[in-house]
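Work through the exercises below with the structure in view, and try each task before you read its solution.

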Amino acid sequence: MTTNPRARARSFDAAAALYAASRPGYPGGLFDAVEELTGRPLAGARVADVGAGTGIATGSLHARGARVVAVEPGDGMAAELRRAHPGIPLVRGDGDRLPLATDAFDLLTYAQAWHWTDPARSVPEARRVLRPGGALAIWWNDIDASVGWVADQGARIRALFDATDEGVAFRTLPQGLDSGFRTRTVAWSRRVPLDDHLANLASHSAFLLLGEPGTSAFLREERARLAPLFPDGTVEEPYVVSLHVAVV
């Protein structure tokens, strides 16, 4: 499946409630690693969470004491963020055109969002809004394909979309930042009802663009395959977060 990344990004707006309800959060160890790699606590830090979506990372940053501002372009996603986090400032925009003051932030975070930007625009924008010595943090949270049932499911998804690496092939880190990136990985898991696991799949852009008939057919077959593996109806989803931090 080959689709313009911008079209994929826009697909989330129509399914913002599903995204908010079914997507996983992030483990505390991720934010510990952000503090380690940036060399400062999140408490009191001025942070912009760019491509904030429904506020999954935004809320966690706020809970750690960051003075966080959410940046989100989509109407549906922004509405869910406002509903979930009414006290957190939200501005409308994206990483290519940050509606933020120059030299104003200690940290910019892109949770599952950097690959929707144009680095030729987003890197200069990051440099502009970060104070000297500020940091750019980019991370992706991926289900762990080293686990057998996850690998099998991934193969079925790739076959459905005729893809070799659906969902990650267009991810790249920006080049040319002075310090380069330091990386940490954080393994974690969550236990969810089978229905929630399937809803999580349905919230991904490839399925949103596939449409309801094709998605429903795939999920019915997937339910039949997974039910014997998880007879109590609870799926343990294993994840690995890949965190990349550069001081700008």
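**Exercise 1.** Describe how helix H8 packs against H10, and state which residues meet.

Solution. In this predicted model, begin with the geometry: helix H8, which covers residues 194–202, packs with H10 at an angle of about 145°, and their axes lie 11 Å apart. Next comes the handedness, for H8 passes H10 in a right-handed crossing. Then look at the residues that meet: from H8 these are Leu194, Asp195, His197, Leu198, Leu201 and Ala202, and from H10 they are Thr215, Leu219, Glu222, Arg223 and Leu226. Sorted by class, the residues of this contact of H8 with H10 come to six nonpolar, two polar and three charged.

**Exercise 2.** Work out why H7 and H10 are described as roughly antiparallel.

Solution. The axes of helix H7 (residues 148–161) and helix H10 (residues 212–226) are 12 Å apart, and the angle of packing is about 160°. Angles over 145 degrees count as roughly antiparallel, and H7 and H10 are therefore roughly antiparallel to each other. As a further step, the crossing of H7 past H10 is right-handed. On the H7 side the contact involves Trp149, Gln153, Arg156, Ile157 and Leu160, which meet Phe218, Glu222, Arg225 and Leu226 of H10. The contact of H7 with H10 holds five nonpolar, one polar and three charged residues.

**Exercise 3.** Find how many cavities of 30 Å³ or more the whole structure has, and list the residues that line the largest cavity.

Solution. A search of the whole structure gives one cavity of 30 Å³ or more, and the space in the largest cavity is about 40 Å³. Its lining is made by Thr38, Arg40, Pro41, Leu42, Ala45, Asp106, Leu107 and Ala135. Divided by class, the lining of the largest cavity has five nonpolar residues, one polar residue and two charged residues.

Note on methods:
Residues numbered from 1 in each chain as written. Predicted model: local features only at pLDDT ≥ 70, side-chain atom pairs only at ≥ 80, totals over all residues. Heavy atoms only, no water. 1 Å grid on protein atoms, 1.4 Å probe; cavity = no way out; pocket = protein on both sides within 12 Å on 5 of 7 lines; lining within 4 Å. Points joined across faces, edges and corners; volume = space filled by probe spheres on them. Nonpolar A, V, L, I, M, F, W, Y, C, P; charged D, E, K, R; others polar. Axes fitted to C-alpha atoms, helices over the stretch in contact; angles between N-to-C directions. Helix = DSSP H or I, 4+ residues; strand = E, 2+ residues; numbered from the N terminus. Parallel < 35°, antiparallel > 145°, perpendicular 65-115°, else oblique. Left-handed = near helix turned anticlockwise from the far one by under 90°. Contact = heavy atoms within 4.5 Å.
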